[in-house]
Amino acid sequence: MNTKVTIAGVEFKNPVMTGSGTFGSGMEYGEFVDLNKLGAVVTKGVANVPWPGNPTPRVTEVYGGMLNAIGLQNPGIDVFMERDIPFLKQYDTKIIVNVCGKTVEDYLDVVEKLGDAPVDMLEINVSCPNVKEGAIAFGQKADALFDITSRIKKVAKQPVIMKLSPNVTDITEMAKAAEAAGADAISLINTLTGMKIDIHRRTFALANKTGGMSGPAIKPVAVRMVYQASHAVKIPVIGMGGIATAEDAIEFLLAGATGVAVGAMNFVNPYATVEIVEGIEEYMRKYQIEDINELIGGVRE
Amino acid sequence: MKQKMTAKVYSQTEIAPGIFDMWIETPLADEAAAGQFIGVYPKDKSTLLPRPISICEVNKKDGMLRIVYRVAGKGTGEFATYHEGDMVEILGVLGNGFPVAEGTGKKVVLMGGGIGIPPMVELAKELCESGVSPVAVVGYRDNKLFLKEDLAQFAKVYVATEDGSEGTKGNVLTAMDENDIQADIIMACGPMPMLRGIKKYSEEKGIKAYISLEERMACGVGACLGCVCKTKKVDHHSHVNNARICTDGPVFDAEDVEI
């Protein structure tokens with residue numbers, strides 16, 4: 001039985017990854033799951049300098065999910081390279097570094113610094129809804145996405161995944177812009193912009209007022225967008241959004257995803273990633289599927 | 001080692017209006033200490049995240065943890081319906097806990113306000129066991145003095161009430177003044193205005209104070225960066241002036257945090 005998938009020439013032992021921002025750099029959840037069992041660890045977004053993030057409250061629960069407005073707090077690329085990459089190198093898993101920035105130059109700075117680092121892929125965050133400058137500004141207009149993708153591709157030494165925002169009118173237009181600019185893969189969906197109001201205090205639940213919604217409640221939207229995007233482009237798609245179980249992950253594979261990422265559900269079930277790896281294998285045995293690649297885009301029209 | 005596991009409710013009683021006292025049978029008791037907390041998961045799948053609830057008492061011999069919590073919303077509302085024998089998913093043990101050893105040979109004053117009182121019970125117990133006789137100053141809204149008798153087993157207790165129905169009218173600091181209580185070290189948990197007051201009080205008097213902070217949390221294990229507090233110095237982990245309450249805290253030296 002083969003569970004290996006290949007994305008932009010990088011071979012993953014299985015398609016299960018972690019959603020950026022929900023798993024740190026693996027240190028915290030390494031206490032719960034064996035990181036060696038994961039296809040890849042996708043790190044929390046890292047910028048060229050440390051970012052303090054947003055004021056609290058930064059998280060709040062909503063029906064079937066949560067809103068977050070962390071604001072990409074991160075220690076900056078220098079600390080990340082000294083601490084987080086060596087930590088992850090101890091494990092037999094692929095390393096995908098999520099990169100964020102306020103300006104194109106910020107992104108390029110990080111991408112250049114990672115040039116000689118032992119990381120397998122870069123995921124470019126142009127879809128975080130919680131920072132005022134940069135980030136999502138590059139991910140909501142096709143021409144801006146094309147521009148930043150091409151500039152990053154010029155300096156990147158590793159294959160580049162562009163992480164797309166669902167907060168757009170037409171996801172296929174964004175997927176095509178990333179592909180046309182040379183992206184090696186796309187990942188989606190980032191969180192859906194949401195809001196919650198505390199009716200007793202008459203205040204916003206989050207200090208940032210708006211936050212990104214994640215969790216099982218967003219899964220149907222994510223499956224639809226992964227299906228649409230994977231049919232619009234030839235480059236591989238990494239699917240995410242509300243994945244809680246192996247069944248959910250398989251749905252994304254069938255919709256067209258080559259890789260799948262577990263995000264907010266890590267908070268609910270710290271063992272979710274490894275349980276999903278095992279659950280996919282069980283499904284393959286049940287349906288006598290020899291090669292996981294048979295499942296990718298395998299939904300019957 | 002932190003883990004998520006299924007545990008059994010040993011008992012539950014409502015000890016004051018909306019305040020519930022639950023004993024849970026779990027091997028996590030082995031590793032638990034004063035000031036730490038557990039995440040408790042509601043069964044209703046529309047409410048996904050673990051609820052951080054402080055540990056009120058640890059019974060290592062019988063493998064049990066006691067939590068005392070206020071019903072604040074849907075999740076805690078569900079917990080309040082649990083009975084003896086019901087199963088509950090918990091995550092723990094979380095957080096750093098109070099530095100009990102620092103109390104040795106000192107006049108230790110514990111301060112608890114409202115639903116910040118529960119962790120003071122285990123703290124008073126552990127201090128007693130280490131040979132310290134603590135004083136506990138506890139603040140309530142009214143004369144529903146939950147856990148006062150539990151505390152009295154391990155500490156000399158002074159009460160403050162907002163409505164003046166019992167003890168000193170006012171807050172824990174009013175009670176400190178009124179009873180002329182001296183402290184070498186303060187360990188506290190309670191609402192933010194109380195903790196701000198204690199930080200100021202301890203700075204003015206040159207007393208060491210350890211305060212347990214609270215914030216909206218998602219993961220409880222240090223990954224999501226949801227529950228941060230501002231720190232005076234650049235934090236060793238975040239490399240900005242933010243520490244994670246769930247893992248670097250919830251107990252902080254009051255001097256180190258900006259609240």
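I take two strands as paired if DSSP finds at least two bridges between them, and I take strands (E, at least two residues) and helices (H or I, at least four residues) as DSSP runs numbered from the N terminus.

I note that this is a predicted model, in which local features need pLDDT of at least 70 and side-chain atom pairs count only at pLDDT 80 or more, while totals for chains, interfaces and linings use all residues. Residues are numbered from 1 along each chain as its sequence is written, and chains are lettered from A and ligands numbered from 1 in the order in which they are written.

Chain B, barrel. I looked up the strand order and found that 6 strands close into a barrel as β1-β2-β5-β4-β3-β6 with antiparallel pairing; the twist averages 45° from one strand to the next. For β1 (residues 3-16) and β2 (residues 19-25) of chain B I read 7 bridges, and Lys8(B) stands opposite Glu25(B) in β2(B).

Chain A, helix pair. I find α4 (residues 171-180) and α5 (residues 219-232) of chain A packed at about 45°, with axes 9 Å apart, where axes are lines fitted to C-alpha atoms over the stretch in contact and angles run from 0 to 180 degrees between N-to-C directions. α4(A) and α5(A) are therefore oblique to each other, a class left over once angles under 35 degrees (roughly parallel), over 145 (roughly antiparallel) and 65 to 115 (roughly perpendicular) are set aside.

Interface. I record 34 residues of chain A in contact with 25 residues of chain B, contact meaning C-beta atoms, placed from the backbone, within 7 Å. On the chain A side, β5 (59-62), β6 (65-68) and α7 (265-268) each supply at least two residues.

Technical notes
Contact = placed C-beta atoms within 7 Å.
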